[in-house]
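User: I have a protein model open and would like to walk through what is inside it. Could you help me read it step by step?

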Amino acid sequence: MQGGRVYKMLVALGILCLAGLLCVQVWWFSAAYNLAERQLTERTTLAMRQIANTVGDLHGDHVPAVIEKNSSNSFQLTYPHGITYERIDSLSRNTFAEYDLSLPFQVVGYNNKQEIMFGNFYKQGATSEADALCLHHGLAKAETEMVNISFPQHTTDVIGGMRIWIFSASAFIVVLALTMGMMVHLSRSKHRAEVRADFISNMTHELQTPIANIAMASEVLKKNRDANSRAQHYVNIISSENLRLKAHIDQVLQTAMLEKGELAMSRQEININEIVREITEVFNERIAVRGGRLSVDIGAVRPVVFADVLHLKNILYNLLDNAEKYSPGSPDITVSTADCDEGVVVSVSDKGMGIVKEHQTKIFEKFFRASKGNVHDIKGFGLGLTYVKGIVEAHNGTVRVSSVPGKGSRFDVMLQNCI
């Protein structure tokens with residue numbers, strides 16, 4: 001449960017960080033837009049001042065032309081001596097080209113009655129070739145005291161100059177959105193996995209009660225039946241199959257608890273050599289029935305480890321069970337212990353069917369079971385090695401596999417020793 005809370009906190013922190021990055025991105029884009037707009041406004045203002053100064057010098061009397069800024073994209077030029085459209089057209093084109101202003105602009109001339117005399121929209125900016133639109137013939141050469149020059153697409157041009165920034169910002173936002181979506185999806189997937197694990201845990205707990213009752217009933221029947229009776233044979237079958245069912249359910253339950261981080265560990269100093277001897281004695285008869293051989297090589301001089309004895313036995317039981325099941329014919333299995341730099345190694349090797357290379361990285365995955373073709377010849381849930389890997393890692397150990405198809409497999413479990 002503690003791990004679940006930590007995961008939720010990490011997800012929440014990750015989402016907050018992504019939201020913070022998004023806010024920073026919005027602020028950065030806003031600052032970049034304001035900077036670009038300010039720079040463009042300054043350039044247009046400087047260009048208009050130069051036009052006003054040039055107009056003021058036309059008659060040689062240095063009467064200044066007045067330039068007024070109506071808005072960020074509109075300027076009004078007033079000159080008492082008057083100016084023709086041809087002159088303002090030439091000045092605006094040359095000046096805007098000098099200041100590298102390529103945005104479209106509009107020129108409108110007014111008479112003293114505030115009536116429009118001429119006008120022109122320069123769609124291609126300083127390079128436009130369209131003639132002025134005049135209200136009456138010849139007004140293009142007439143002088144006017146008031147000219148309005150505006151830039152209708154001022155905002156559009158600012159945004160157009162930020163294409164690279166807009167693209168990078170958009171890509172960043174898309175990546176943030178996808179990352180946030182993935183985090184939410186992972187959070188939901190983890191929740192579903194937790195619900196599934198809870199269901200499995202509850203189901204296996206419920207199944208343990210009838211299994212315990214069956215075991216108790218079979219023991220009673222064994223004690224009260226004639227050993228030679230036919231019923232005794234079926235009682236033995238019930239007892240054996242009940243034990244096998246209990247082992248499967250325990251394995252499912254332990255794997256579910258391991259995933260949730262709720263598997264209880266009672267660690268103590270254990271002699272790994274003694275555990276190997278105990279478990280191999282249990283398997284000796286099982287291997288002998290199939291005409292096989294189980295060899296034990298105790299070589300560890302420093303065999304004491306700090307571990308949970310029950311789970312340690314289960315690890316060895318699972319490895320021996322797999323070695324026996326995946327050994328066609330007469331099994332030939334060897335269990336050995338040896339010292340290593342990190343601690344002690346317990347190895348279980350067989351001369352069975354082996355594992356193909358592409359499956360060796362998957363055998364520790366939950367529910368994965370190696371098979372021949374499309375047929376699973378070996379019964380099981382595919383949880384044994386998942387459990388082994390989880391328990392070994394919970395003890396800060398490692399498990400490795402080496403295998404050659406047709407020649408057998410070897411599993412090495414390394415555990416840290418106490419000395």
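User: What volume does the largest cavity have?
Analyst: The largest cavity has a volume of about 60 Å³, where a cavity is, on a 1 Å grid over the protein atoms alone, a set of points where a 1.4 Å probe fits but cannot get out. Grid points are joined across faces, edges and corners, and the volume is the space filled by probe spheres set on the points. This is a predicted model, in which local features need pLDDT of at least 70 and side-chain atom pairs count only at pLDDT 80 or more, while totals for chains, interfaces and linings use all residues. Residues are numbered from 1 along each chain as its sequence is written, and side-chain values use heavy atoms, with hydrogens and water left out.

User: How many cavities of 30 Å³ or more are there?
Analyst: By this rule the count is 1 cavity of 30 Å³ or more.

User: And which residues line the largest cavity?
Analyst: Its lining, meaning residues with an atom within 4 Å of a point, is made of Ile272, Val276, Leu312, Ile315, Leu316, Leu319, Val346, Val413 and Leu415. The elements that give two or more residues to this lining are α6 (272-289), α7 (309-325) and β13 (408-415), and α7 gives the most, with 4 residues. Helices (H or I, at least four residues) and strands (E, at least two) are DSSP runs, numbered from the N terminus.

User: Is that lining polar or nonpolar?
Analyst: The lining divides into 9 nonpolar residues, no polar and no charged ones. Here Ala, Val, Leu, Ile, Met, Phe, Trp, Tyr, Cys and Pro count as nonpolar, Asp, Glu, Lys and Arg as charged, and the others, Gly among them, as polar.

User: OK, what about the largest nonpolar core, how many residues does it have?
Analyst: The largest nonpolar core has 34 residues, and those with the most contacts inside it are Leu312, Ile315, Leu316, Leu319, Leu320 and Val348. A nonpolar core is a set of buried Ala, Val, Leu, Ile, Met, Phe, Trp, Tyr and Cys residues joined through side-chain atoms within 4.5 Å, and buried means under 20% relative accessible area, exposed over 50%, and partly exposed in between (1.4 Å probe, protein chains only). The elements that give two or more residues to this core are α6, β9 (304-308), α7, β10 (332-339), β11 (344-350), α8 (384-394) and β13. In soluble globular proteins, nonpolar side chains tend to be buried together.

User: What does Leu319 contact, then?
Analyst: Leaving aside neighbours within four places in sequence, Leu319 is in contact (heavy atoms within 4.5 Å) with Val348, Leu385, Val388, Phe411 and Val413. There is also a second, separate core of 26 residues, which includes Val55, Leu91, Phe118 and Val147.

User: Switching topic, how many salt bridges does the structure hold?
Analyst: The structure holds 10 salt bridges, each being a side-chain nitrogen of Lys or Arg within 4 Å of a carboxyl oxygen of Asp or Glu. One of them joins the side chains of Arg93 and Asp89 (3.1 Å, N to O), and both of these residues are buried.

User: Why are Arg93 and Asp89 separated by about one helical turn?
Analyst: They are separated by about one helical turn because they are 4 residues apart in helix α2 (residues 85-98).

User: Where do Lys325 and Asp321 lie?
Analyst: Both lie in helix α7, 4 residues apart, about one turn of the helix, and their side chains meet in a salt bridge (3.4 Å, N to O). Lys325 counts as partly exposed because its relative accessibility is 26%, whereas Asp321, at 13%, is buried. These two residues also belong to a network of salt bridges that links Arg286, Arg290, Asp321, Glu324 and Lys325.

User: What about Ser150, buried or exposed?
Analyst: Ser150 is buried, because its relative accessible area is 10%, and Ser150 is found in strand β6 (residues 143-150).

User: Last one, how many helices and strands does the protein have?
Analyst: The protein has 8 helices and 13 strands, and buried residues make up 37% of its 419 residues.

Terms used
On a 1 Å grid over the protein atoms alone, a cavity is a set of points where a 1.4 Å probe fits but cannot get out, and a pocket is an open set with protein on both sides within 12 Å along at least five of seven lines; lining residues have an atom within 4 Å of a point.
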